[in-house]
Amino acid sequence: NLFPSHDTQIERDFAALRLPDIVDISTQVCLSVDAVTNMLKNPFVTIGILSSPTISFGFTPASYVCTTTNEPMQGEFLVSIVDGKILFNNQLYNELSFEPIHLSTDTFLVHDVVIGVDFHWQRKENQCFKGSLRFVIEQDKIVLINRVQVEEYLRSVISSEMSATSSISLLKAHAVISRSWLYAQIQQANTTKDVTSTIEGDTFIKWYDHHNHLLFDVCADDHCQRYQGVAKVTTNQVRQAIEETSGEVLVFENQLCDARFSKCCGGVTEEYATCWENSEVAYLQSIVDEKQEEKKLDLHTELAITSWIKSSPTVFCNTSDKHILFQILPHFDQETTDFFRWKKVYSQHELSTLIHKRSGIDFGAIEDIRPIKRGKSGRLEIIEIVGTTRTMRIGKELEIRKWLSDTHLYSSAFIVERDDEGSFIFYGAGWGHGVGLCQIGAAVMSEQGYSYKEILRHYYTGVDILSVY
């Protein structure tokens, strides 16, 4: 008997039910049509916000309920680890959960959220989020997990990845790729790998991918997608971009697209295999970032690559327009200005010390950095480091960038020259891996009047744009 107030165990009682009784019963155990429709339009995602031994958070002025203790919550709180459990209000718990009283309006505040993890602009921010939150323990730290509707999550993502005042076609394009990327990651959760490496003699190949977060779907930082809370969502354009592309994703041959993107391709986008596993992804091809999409560049020789990197080609992402750059480089990103073409100089001693520190391998004095294999954009997939005590080949592109900088080189599209004093001069192009959409280029295309669908089809080869809900 599922309905104690309506005893319907025998046929005559069921036959005696009146319409108001049926409505009453159904409203107790069934979702309404509107609720079902809303659920299908607004699936949920879980995001890892912060991992720390102690986390400070609050519910002011909103009110939440601690579903673990069944108590209303309002004000500032602190959780910390004690004896392998979560200490909260002088009690120990294995985990804690909190739900908003009003899903659409209530928010919670988290203090000292780390953003830009391991990048040169890493810092902490106080951030405000919608949805529920849960605290669990992982490796002697407390992990704060936020659960929120996907479309609400995307409002924050496109406002965190770029300025909320960006042009509408740019915001729409990013809404579609962010949604596509998210669902692709969730769909591939049992197959994607975080770090894959192979060591064969003096060759070390390692790449980093968006790994299976075991406790949540995605994290809140650049490793996945920037998700920096509701304070970033400040314009009607953001809401319009999400609403008018609701449910839209990129599809290639009836499969969700893993829609990668980077800050600036440097004039040519890169292929998937240069940066990650050695497999072809048909829609992540190398294209020249300009109107003549059929144009091909021959960057197979070091002479051609040197000429390309030392040039200033007329491509979408080659812009110094502050209005456009502000759309993609909000506050802390604007500290980085020389990304389209950049230069980095190390003395021999500085480079030798840096590589030893970053790799843990003593090469002695570095004598040469040799290009071994490049992708179609000129990005290095494998280099050879020649030292006085050891020579070794390393890859792929992110590992190269990590070994050659205190944080990350802007990209692996670089050449190396020596000056008269023996210093190593790195000349480079672009910011990021360069695969898929180029955010700076897309911003320029948007300003030039391209629609969001034209922008997407420019960067992703042969895709369809479909609405899945």
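These are my notes from looking through a predicted model.

**Three-stranded sheet**

I started with the open sheet, where 3 strands come in the order β19-β24-β23 with antiparallel pairing. I asked myself why one side of β19 and of β23 has no neighbour in the sheet. Neighbouring strands are turned by 20° against each other on average, direction ignored.

Next I checked the pairing of β19 with β24 (residues 424–429) and found 6 bridges, antiparallel. Within β24, Ile 425 is the residue opposite Val 345.

Then I looked for what packs on this sheet. Helix α8 (residues 302–309) touches β19, β23 and β24, and its direction makes about 95° with that of β23. Helix α10 (residues 348–359) also lies across β19, β23 and β24, at about 95° to β19.

**α4 against α5**

I moved on to a helix pair. The axes of α4 (residues 150–161) and α5 (residues 168–187) come within 9 Å and cross at roughly 125°. That angle makes α4 oblique to α5. I noted the crossing as right-handed.

Which residues make the contact? From α4 I listed Val 150, Glu 151, Tyr 153, Leu 154, Val 157, Ile 158 and Glu 161. From α5 I have Leu 171, His 174, Ala 175, Ser 178, Arg 179, Leu 182 and Tyr 183. Sorted by type, the contact residues come out as 9 nonpolar, 2 polar and 3 charged.

**Leu 171**

Is Leu 171 buried or exposed? Its relative accessible area is 0%, so I put Leu 171 down as buried. Leaving out residues up to four places away in sequence, Leu 171 touches Ile 158, Met 162, Ser 163, Ala 164, Ser 166, Gln 237, Val 238 and Ala 241. I also looked up Tyr 452: Leu 171 is 281 residues from it in sequence, yet 8.1 Å away in space, C-alpha to C-alpha.

**Strand β12**

How many of the 9 residues of β12 (residues 141–149) are buried? I got 7, which is mostly covered. β12 pairs with β1 (residues 44–52) in the antiparallel sense over 8 bridges, and Val 148 of β12 is the bridge partner of Val 45. β12 also runs antiparallel to β11 (residues 132–138), joined by 7 bridges; here Arg 147 of β12 is the bridge partner of Ser 132. The hairpin of β11 and β12 has 2 residues between the strands, and Gln 139 takes a positive phi near 50° in it.

Asn 90 has a positive phi near 65°. It sits in the loop between β6 (85–88) and β7 (91–93), and at 72% relative accessibility Asn 90 counts as exposed.

Asn 254 is not a glycine either, and its phi is positive at about 65°. I found Asn 254 in the loop between β16 (248–252) and β17 (255–256), exposed with a relative accessible area of 71%.

My last entry is a cis peptide bond between Gly 395 and Lys 396, with omega about 5°. Lys 396 belongs to the loop between β22 (391–395) and α11 (397–403).

Conventions:
Residues are numbered from 1 along each chain as its sequence is written. This is a predicted model: local features need pLDDT of at least 70, side-chain atom pairs count only at pLDDT 80 or more; totals for chains, interfaces and linings use all residues. Side-chain values use heavy atoms; hydrogens and water are left out. Two strands pair if DSSP finds at least two bridges between them. Helices (H or I, at least four residues) and strands (E, at least two) are DSSP runs, numbered from the N terminus. Axes are lines fitted to C-alpha atoms, for helices over the stretch in contact, and angles run from 0 to 180 degrees between N-to-C directions. Contact means heavy atoms within 4.5 Å. Angles under 35 degrees count as roughly parallel, over 145 as roughly antiparallel, 65 to 115 as roughly perpendicular and the rest as oblique. A crossing is left-handed if the near helix is turned anticlockwise from the far one by less than a right angle, and right-handed if clockwise. Ala, Val, Leu, Ile, Met, Phe, Trp, Tyr, Cys and Pro count as nonpolar, Asp, Glu, Lys and Arg as charged, and the others, Gly among them, as polar. Buried means under 20% relative accessible area, exposed over 50%, partly exposed in between (1.4 Å probe, protein chains only).
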